[in-house]
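Here are a few notes to keep beside you as you look through this model for the first time.

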Amino acid sequence: MNWRAFLSLPRDRLAVAKTLALLALLGLAGAVAVVGIGLYNVSAKSGHWFGVSWVFHTTFRNAAKLRADATPPEDLDSSAMVALGARHFDSACRTCHASPGSTRSATVRAMVPAPPHVGEIAGDWQPDELHWIVHQGIKMSGMPAWPAARDDDVWPVVAFLRAAPTMDAATYQHLTDKPDGQYCAMCHGARGTTDNPHIPRLDILSDAYIAASLKAYESGERDSGIMAEAMSHVPIEAIPDIASRFGAEPPAGQAQPFDALARRGETLATEGGGSGVPSCAACHGPWSEPLNPLFPSLAGQHAPYLRQQLKLWRDSARGGGPVAQLMHHAARDLTADEIAALAAYYAALAPAKLDDTGK
């Protein structure tokens with residue numbers, strides 16, 4: 001620093017410069033005391049200095065409100081959405097936030113800040129704000145970010161959080177029951193025949209496809225926060241047994257009446273679309289020759305689930321297999337109406353394994 005030039009400054013400018021220099025030195029001394037010496041007490045028992053909690057919480061609320069911009073699905077508050085969200089919450093969130101009808105542990109209540117009880121989380125937050133909070137997490141609070149890049153599967157958790165204030169313990173227990181103690185059955189049903197339209201039924205799939213999908217979820221190659229959490233509870237050596245058990249189940253159910261939307265989907269699936277959309281039947285049936293068991297059967301699959309997966313493929317937000325690029329190419333030109341038609345067609349077919357589709 002040129003001290004001679006500094007001291008030759010006009011009196012008023014010199015005073016300002018001295019003040020700024022003093023403040024800089026005080027700031028440096030404070031940083032050394034807080035960081036280098038450990039003057040600031042990080043003990044949770046000591047809490048925050050007066051006003052700090054208000055600053056943090058106000059900053060958090062304003063940050064969430066500023067950035068929340070996701071559009072809620074039309075069926076956000078449906079029982080199916082709430083059920084799926086409850087099951088993920090039970091595995092990933094209940095330890096800190098408790099469940100309806102129960103209390104947080106003494107240890108959790110001693111956290112700073114203490115995680116709110118599940119019945120208090122929704123508060124006056126809007127759905128898009130809750131979505132942003134669950135997806136992004138909150139720094140310095142113990143609230144983790146969603147364990148996936150895609151954010152569409154956050155909505156069931158938002159649905160559950162909105163329903164939690166009026167939910168009793170018995171309802172929650174029913175939603176999170178594990179048939180025969182089987183973890184996967186909590187969502188997919190004991191035989192893989194869930195009636196929740198946002199959860200895929202497994203009884204129509206081959207064991208090869210189920211195993212490949214579970215491995216892709218476990219490795220992160222296929223993106224889903226819900227399944228990433230689920231696979232963190234499943235030993236990788238258990239995958240063959242799970243795939244074999246569900247893959248051996250005979251598909252259950254009947255074909256549904258075709259409406260105009262399903263008939264349009266049938267044309268798309270068998271003949272392709274004018275916008276360059278290839279035939280779906282060549283890989284997913286109905287087809288006269290044996291098909292690759294690593295391709296999923298779609299016959300009888302739930303329409304809402306199929307619509308969401310096709311959107312993910314179209315938007316290049318899904319992976320999980322050696323032929324993922326094939327599906328990205330097949331779906332990239334699909335319109336929203338074509339996606340709805342294809343989902344309606346396959347959902348109307350009688351549930352069947354891949355090579356039995358249409359028989």
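1. The largest nonpolar core has 35 residues, and Trp146, Phe160 and Leu161 touch the most other members. Such a core is a set of buried Ala, Val, Leu, Ile, Met, Phe, Trp, Tyr and Cys residues joined through side-chain atoms within 4.5 Å; buried means under 20% relative accessible area (1.4 Å probe, protein chains only). At least two residues each come from α3 (52-67), α4, α7 (118-121), α8 (127-136), α9 and α10 (169-175). Helices here are DSSP runs (H or I, at least four residues), numbered from the N terminus.

2. A word on the basis: this is a predicted model, where local features need pLDDT of at least 70 and side-chain atom pairs count only at pLDDT 80 or more, while totals for chains, interfaces and linings use all residues. Residues are numbered from 1 along each chain as its sequence is written, and side-chain values use heavy atoms, leaving out hydrogens and water.

3. Do look at Phe160. Among the residues it touches (heavy atoms within 4.5 Å) are Val82, Gly85, Ala86 and Phe89, as well as Tyr172.

4. Another core lies apart from the one in point 1 and has 22 residues, including Ala303, Leu306, Leu342 and Leu349.

5. How do α4 and α9 lie relative to each other? Helices α4 (residues 79-92) and α9 (residues 155-163) pack at about 95°, their axes 7 Å apart, and are therefore roughly perpendicular (65 to 115 degrees). Met81 and Leu84 of α4 are among the contact residues, as are Trp155 and Val157 of α9.

6. Finally, Ala352 sits in the segment after α19 (336-348). With 8% relative accessibility, Ala352 counts as buried. Its C-alpha atom is 5.7 Å from that of Ala299, 53 residues away along the chain.

Definitions and conventions. Axes are lines fitted to C-alpha atoms, for helices over the stretch in contact, and angles run from 0 to 180 degrees between N-to-C directions. Angles under 35 degrees count as roughly parallel, over 145 as roughly antiparallel, 65 to 115 as roughly perpendicular and the rest as oblique. Buried means under 20% relative accessible area, exposed over 50%, partly exposed in between (1.4 Å probe, protein chains only). Lists of a residue's contacts leave out its neighbours within four places in sequence.
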